[in-house]
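The account below starts from contacts.

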Amino acid sequence: MKELPNLDGVKNASLKLKGLVRVTPLDFNKRLSNSYGSSIFLKREDLQQIRSFKIRGAYNKISSLKIEEVENGIICASAGNHAQGFALSCQKLQISGEIYMPATTPKQKINQVKMFGGKYVKIVLVGDSYDTCQKIALKASKKSKKPFVHPFDDPKVIEGQATIATEILSQRPKGFDYLIVPIGGGGLISGLITVFNELSPKTKIIGVEPHGAPSMKRSIEKGKLISLKKIDKFVDGAAVKKVGDLTFKICETNLEKIILVPEGKICQTILDLYNKDGIVAEPAGALAVSALDYLENEISNKTVCVILCGGNNDIIRMPEIKERALLFAELKHYFLINFPQRSGALKQFVAEILGPNDDITHFRFTKKNFRDNAPAVVGIELKFPEDLKLLTDKMKKNKFKFDYLNENDELFQFLI
């Protein structure tokens with residue numbers, strides 16, 4: 001077992017990072033505070049230079065390596081924020097780095113890594129998933145004897161991330177009743193636990209994972225480290241099949257609880273943060289904020305710190321984010337409707353089936369010769385969730401045969 005991170009290591013990391021990382025704001029959020037009857041502060045790590053906290057751990061780890069260890073270069077595997085932190089660290093320390101990224105990584109992320117690393121980094125695109133990519137990177141590290149900089153399961157990385165905690169407590173010495181933290185591999189929350197256990201032991205620490213990737217929660221429930229067979233990759237900054245050995249050991253006995261948040265709820269939080277607060281949050285960045293609804297009674301009249309860990313959200317993803325939010329709110333519904341192949345059938349559907357607030361947002365129909373009926377895929381957005389029953393009752397009454405696709409996983413995956 002690797003040595004555990006400690007407070008002295010965190011203090012040393014703070015000295016190393018001084019002048020490199022931004023002391024990000026600890027913002028009181030009036031909207032959220034009013035909504036939950038509590039005092040809610042957001043730690044804005046989305047405002048770091050690389051728009052996430054990952055620079056802290058990457059730089060602290062890399063700068064701790066000996067000259068003879070890095071003379072031939074270093075290696076990491078990442079599809080996102082860790083790669084950017086690694087790249088910027090290589091550029092600042094003038095160390096050659098190889099970054100293994102999945103071949104499916106969007107160009108926007110690749111370009112960001114190139115920009116931060118400049119001539120000091122080489123990007124290797126390999127594999128279709130992070131897990132495959134990491135295995136190849138670890139083999140390359142072993143063969144070349146270049147150090148592998150892990151994104152979360154390393155005491156120096158954890159101590160770097162923990163500098164967020166020392167900043168928080170210096171910004172508000174009174175402390176907090178609750179600290180709400182997103183969990184991916186567990187490096188961030190392990191660092192915060194390291195500091196808060198020593199300096200603010202009364203603070204209750206709550207971890208938050210996406211519903212489709214509950215690797216830490218399942219491991220704690222089983223009492224041992226497990227690897228999930230399948231995960232939903234939507235919350236890309238926090239969707240891992242297996243957390244770290246070290247981070248599991250730290251989290252296993254130090255968390256108040258872990259909350260799982262549906263991906264659709266996270267999407268709605270992203271939209272709310274943007275529309276109501278002017279904050280651009282990536283899915284992992286909005287993860288901890290999304291958990292507030294599930295803690296409403298518990299945090300009433302309490303002082304709460306929420307870690308908003310990143311803002312690397314590609315604008316191209318926004319239509320999918322809106323779609324998932326509507327589906328979660330039960331306002332968007334898809335049907336396979338068997339339309340009669342006669343003139344006026346669609347007009348009848350619009351006039352007699354749709355309610356005054358219903359809106360067709362998706363319609364796909366192909367006429368089939370020599371058939372009386374043909375199916376159309378129809379997406380309908382409602383104003384209120386309860387309008388769904390009115391809609392389906394009207395279709396049945398008017399003898400429109402249909403299949404409800406939202407609950408048909410095999411067909412539904414082709415729509416979103």
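Contact here means heavy atoms within 4.5 Å. This is a predicted model, in which local features need pLDDT of at least 70, side-chain atom pairs count only at pLDDT 80 or more, and totals for chains, interfaces and linings use all residues. Residues are numbered from 1 along each chain as its sequence is written, and side-chain values use heavy atoms, with hydrogens and water left out.

Leaving aside neighbours within four places in sequence, Ile180 is in contact with Ile206, Val208, Ala288, Ala291, Leu292, Leu295, Val304, Cys305, Val306 and Ile307. Ile180 is also among the residues with the most contacts inside the largest nonpolar core, together with Ile40, Leu292, Val306 and Ile307. That core has 69 residues; a nonpolar core is a set of buried Ala, Val, Leu, Ile, Met, Phe, Trp, Tyr and Cys residues joined through side-chain atoms within 4.5 Å. Buried means under 20% relative accessible area, computed with a 1.4 Å probe on protein chains only. Helix α10 (residues 187-199) gives the most to this core, with six residues. A second, separate core of 25 residues includes Val21, Ile55, Ala83 and Ile95.

Helices are DSSP runs of H or I with at least four residues, numbered from the N terminus. In helix α14 (residues 283-290), eight of the eight residues are buried, Ala288 being one of them.

Ala83 lies in α5, where Ala83, Gln84, Ala87, Leu88 and Gln91 meet Gln112, Val113, Phe116 and Gly117 in α6.

Key:
Helices (H or I, at least four residues) and strands (E, at least two) are DSSP runs, numbered from the N terminus. Buried means under 20% relative accessible area, exposed over 50%, partly exposed in between (1.4 Å probe, protein chains only).
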